[in-house]
Amino acid sequence: MTAPRVVLLILTWNRRDDVLRCVASLPRLDYPNVEVVVIDNASADDSVAALRAAHPGLTILENAANLGYAGGNNVGIRWAMARGANYVQLINSDTEVTATLTSALVRAAEAAPRRAVVGCRNLLLEDPTRLWGAWGTLTWGPFLVRSDGAGAPDGPPWQVTRDVDVAIGNGYLWRCAALEQVGLLDESLFGYHEDVDWCLRARRAGWRVAYAGDAAILHRGGSSSTPGAQRVFPQAYFLGRNGARVAARYGGPGQRLRHAGAALGAAAARAARAALRGDRAGLARERAFVRGSLDGWRHRPVPFAALGLLDAAR
């Protein structure tokens with residue numbers, strides 16, 4: 001019997017060294033029917049040339065502009081679905097795979113046909129004995145969701161299979177039949193919380209969101225938003241904005257009020273601590289978070305130029 005066809009998508013934006021390490025790890029996979037596709041979001045650091053030199057047969061989709069996480073991955077998802085994929089798997093460029101990652105996720109998905117998406121254990125690349133995160137729980141708190149397991153020692157509590165609110169948006173496997181019904185990632189979110197939005201949409205449509213703890217990926221995390229990188233993604237702004245957008249879309253009045261109050265209150269507390277330390281960068285992050293939150297509640301367009309995203313598609 002032929003194994004279900006998986007197209008594994010890796011989105012990259014000005015992270016040449018990360019994506020080269022990620023692709024170099026893929027021969028570890030023991031799954032027999034997987035095709036790898038890299039999507040480049042108009043990188044300016046020769047990522048595509050370096051990938052073609054190192055991996056001449058690799059499929060690379062080149063976007064003419066930075067479409068964000070949502071738009072960039074949607075290009076790959078459409079490509080995969082048009083070619084008859086049964087599943088698509090999304091992994092970040094700042095990761096390395098483990099041998100059984102894809103096979104364990106497919107096994108969990110095939111065991112329950114209403115599982116729309118299956119997430120995996122994200123282990124810290126720097127210390128694989130600890131978790132980057134396991135799954136997301138919707139709390140309506142400052143960041144809308146809690147990343148369960150973040151920083152915890154790896155062990156049996158995280159090596160389970162269960163339904164969850166949100167599958168962490170790295171390494172997760174999506175059923176194409178669910179994508180056809182639920183739709184793709186919301187490109188208006190651009191980056192951050194698009195995985196939360198999709199999982200909530202899927203659950204409303206009667207699908208299940210699952211976590212398979214026997215599947216693991218090594219995750220450094222945050223490379224696109226790390227200060228000092230060639231191009232830095234404005235993480236704080238989009239966390240604030242998209243938390244508000246998703247809360248407004250799915251929350252009741254009390255939940256929306258809870259998120260708004262928690263988000264702005266926590267930002268004020270973080271800003272006060274940054275001021276006491278003389279941390280100007282920390283203050284700037286909190287201003288960006290608050291601006292994003294207010295823009296999200298007021299349905300304002302993303303100020304791409306002000307955020308330094310001059311290569312972003314409008």
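## Gly76 in helix H3

Gly76 is a residue of helix H3, which spans residues 68–82; helices here are DSSP runs of H or I with at least four residues, strands are runs of E with at least two, and both are numbered from the N terminus. The relative accessible area of Gly76 is 0%, and the residue is therefore buried, a class that means under 20% relative accessible area, whereas exposed means over 50% and partly exposed lies in between, with a 1.4 Å probe and protein chains only.

When residues up to four places away in sequence are not counted, Gly76 touches Leu9, Ile39 and Leu61, where contact means heavy atoms within 4.5 Å. Gly76 and Ala281 are 205 residues apart in sequence, and their C-alpha atoms are 35 Å apart in space.

## Basis of the description

The model is predicted, and for this reason local features need pLDDT of at least 70 and side-chain atom pairs count only at pLDDT 80 or more, while totals for chains, interfaces and linings use all residues. Residues are numbered from 1 along each chain as its sequence is written, and side-chain values use heavy atoms, with hydrogens and water left out.

## Overall form

The protein contains 9 helices and 13 strands, and its C-alpha atoms fill a box of roughly 60 × 40 × 35 Å along the principal axes. For 314 residues a compact globule would have a radius of gyration near 20 Å, and the 19 Å of the protein agrees with that; the radius is taken over C-alpha atoms, and the globule rule is 2.2 Å times the number of residues to the power 0.38. Of the 314 residues in the protein, 56% are buried, and among contacts between residues at least 6 apart in sequence, 75% join residues at least 24 apart.

The accessible surface comes to about 12,900 Å², with 55% of it belonging to carbon and sulfur atoms; such areas come from the Shrake-Rupley method with a 1.4 Å probe, and for residues only the protein chains shown count as cover. The protein has 37 positive and 28 negative charges, whose mean positions are 7 Å apart. In this count Lys and Arg are positive and Asp and Glu negative, without His and the chain ends, and each charge is placed at NZ of Lys, CZ of Arg, CG of Asp or CD of Glu.

## Helix H1 and its packing

Helix H1 covers residues 16–25, and its buried residues are Asp18, Val19, Cys22, Val23 and Ser25. Seen down the axis of H1, these buried residues fall within an arc of 155°, so they line one face of the helix; the arc is that of the directions from the helix axis to the C-beta atoms. The buried residues of H1 pack against strand E1 (6–12), strand E2 (34–41), helix H2 (47–54), strand E4 (87–92) and strand E5 (95–97).

## Loop residues

Ala42 lies in the loop between E2 and H2, and although Ala42 is not a glycine, its phi is positive, at about 60°. Phe190, in the loop between helix H5 (176–182) and helix H6 (194–204), is another residue other than glycine with a positive phi, near 65°. With 3% relative accessibility, Phe190 counts as buried.

Tyr172 is found in the loop between strand E11 (166–167) and strand E12 (173–175), and its relative accessible area of 1% makes Tyr172 buried. Leaving aside residues up to four places away in sequence, Tyr172 touches Tyr69, Val88, Gln89, Leu90, Val117, Val118, Gly119, Ala167 and Asp195.

## Partly exposed helix residues

Arg203 belongs to helix H6 and counts as partly exposed at 36% relative accessibility. Residues up to four places away in sequence not being counted, Arg203 touches Val164, Asp165 and Val209, and from C-alpha to C-alpha Arg203 and Val182 are 9.4 Å apart in space, at 21 residues apart in sequence.

Ala272 is located in helix H8, residues 253–277, and is partly exposed, with a relative accessible area of 41%. Ala272 and Gly282 are 10 residues apart in sequence, and the C-alpha to C-alpha distance is 9.7 Å.
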